[in-house]
Amino acid sequence: MCRDWWLHRLLFDIRMGTMKISAVIFDLDGVIVSTDEYHYQAWKQISDQENIYFDRAINERLRGVSRMESLDIILSHSDKVYSESEKYLLAQRKNDIYCELLNKLSANDILPGIINLLISLKARDIKIAIGSSSKNTPFILDQIGLATNFDAIADGNSIKNSMPDSEVFLLAAEFLGVQPEECVVIEDAQAGIDAAKAAGMKAVGIGSAAKCFNADMKLNDISNLDIDHLLEVNEIRS
Ligand code: G6P
Ligand code: MG
């Protein structure tokens, strides 16, 4: 119910021009496609090989966090001090395992509601972009068949500062040629919500980010989202 209310409100505001939204920036992992399990499996293998405790709760803390910062979180559970070159090799090993798992990804893994949302936004001339910390963004988009569907892509390959820094979302807005305040970010991580707010954008928290205190809208997921239907409902409501 809460989810629908916020969606009604967002679409009403876009339609009525009370909130000048000209772009929606999507996080990738956990919003467009769920890669959590693959990240977990890859980090788990590395942790087991290194005899470091790692579980799903720790994995949750890695949402939206860059690869090297994720590794630092994992290594904080070890007594051993790793050199920079050892850390680099560990991160590379993790990524090799992760990329092998990503080979299994296909369009079937696109999360429910995403395709409809992308089509509906395009139909309304609202620009769409990816804003992701992942350096594997091009590979993942290719695997799921969405490599050419976005107007701009800002990812881990094009930024120096990872979320919660605002850089990736500001860069996406710059690529799109829009002002930050015209953008809505859809995110599943607290770090991503913080980054969106730091960029001066609206932030929609989905999944675990629906608990984020600073998200402007909170949704469990965006499945069953039908923008046309929602706009009709808004007309009745207004
Ligand atoms: C996303 C995921 C994080 C991951 C980061 C870097 O933000 O939510 O869990 O650590 O991307 O991913 P990468 O593919 O570059 O290792
Ligand atoms: Mg994410």
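An oxygen atom of ligand 1 sits 2.8 Å from a polar backbone atom of Leu62. That counts as a polar contact, meaning a pair of N or O atoms within 3.5 Å; within protein, one must be able to donate a hydrogen and the other to accept it, and residues adjacent in sequence count only if both atoms are side-chain atoms.

Before going further, some ground rules: this is a predicted model, where local features need pLDDT of at least 70, side-chain atom pairs count only at pLDDT 80 or more, and totals for chains, interfaces and linings use all residues. Residues are numbered from 1 along each chain as its sequence is written, chains are lettered from A and ligands numbered from 1 in the order in which they are written, and side-chain values use heavy atoms, with hydrogens and water left out.

## The ligand site

Here are the ligand contacts side by side.

| Residue | Part of the residue | Distance to an oxygen atom of ligand 1 |
|---|---|---|
| Leu62 | polar backbone atom | 2.8 Å |
| Lys135 | backbone N or O atom | 2.7 Å |
| Asn136 | side-chain N or O atom | 2.7 Å |

How much of ligand 1 does the protein cover? The answer is 97% of the 390 Å² of accessible area that ligand 1 has on its own. Accessible areas come from the Shrake-Rupley method with a 1.4 Å probe, and for residues only the protein chains shown count as cover. There are 14 residues around ligand 1, and Val65, Arg67, Ser134, Lys135 and Asn136 come nearest. To be on that list, a residue needs a heavy atom within 4 Å of the molecule.

## The sheet

Stepping back, the protein chain has 10 helices and 6 strands. Helices (H or I, at least four residues) and strands (E, at least two) are DSSP runs, numbered from the N terminus.

The 6 strands make an open sheet with parallel pairing, in the order β3-β2-β1-β4-β5-β6. Two strands pair if DSSP finds at least two bridges between them. Why do β3 and β6 each have one side without a neighbour in the sheet? β3 (152-154) and β6 (217-219) stand at the edges with a single partner strand each, so one side of each is left open in that sense. From one strand to the next, the twist averages 20°.

Ile25 is a handy landmark. Its bridge partner in β4 is Val185, and in β2 it is Ala129. β1 (residues 23-26) pairs with β4 (residues 183-187) over 4 parallel bridges, and β1 also pairs with β2 in the parallel sense over 4 bridges. β2 is mostly covered, as 4 of its 5 residues are buried. Buried means under 20% relative accessible area, exposed over 50%, and partly exposed in between (1.4 Å probe, protein chains only).

Helix α8 (residues 167-176) lies across β1, β2 (127-131), β3 and β4, running at about 155° to β3. Helix α9 (residues 190-198) lies across β4 and β5 (202-206), at about 170° to β5. Axes are lines fitted to C-alpha atoms, for helices over the stretch in contact, and angles run from 0 to 180 degrees between N-to-C directions.

The buried residues of α8 are Val168, Phe169, Leu171, Ala172, Ala173 and Leu176. They pack against β1, β2, β3, β4 and α9. In α9 the buried set is Ala191, Gly192, Ile193, Ala195 and Ala196, packing against α8, β4 and β5. Contact here means heavy atoms within 4.5 Å.

## Two buried asparagines

Asn214 is in the loop between β5 and β6. Is Asn214 buried or exposed? Asn214 is buried, with a relative accessible area of 17%. Its side chain makes a 2.8 Å polar contact with the side chain of Asp194. Beyond its neighbours within four places in sequence, Asn214 touches Gln190, Ile193, Asp194 and Lys197.

Asn59, in helix α3 (residues 56-60), is buried too, with a relative accessible area of 10%. Its contacts, again leaving aside neighbours within four places in sequence, are Asp36, His39, Tyr40, Trp43 and Phe54.
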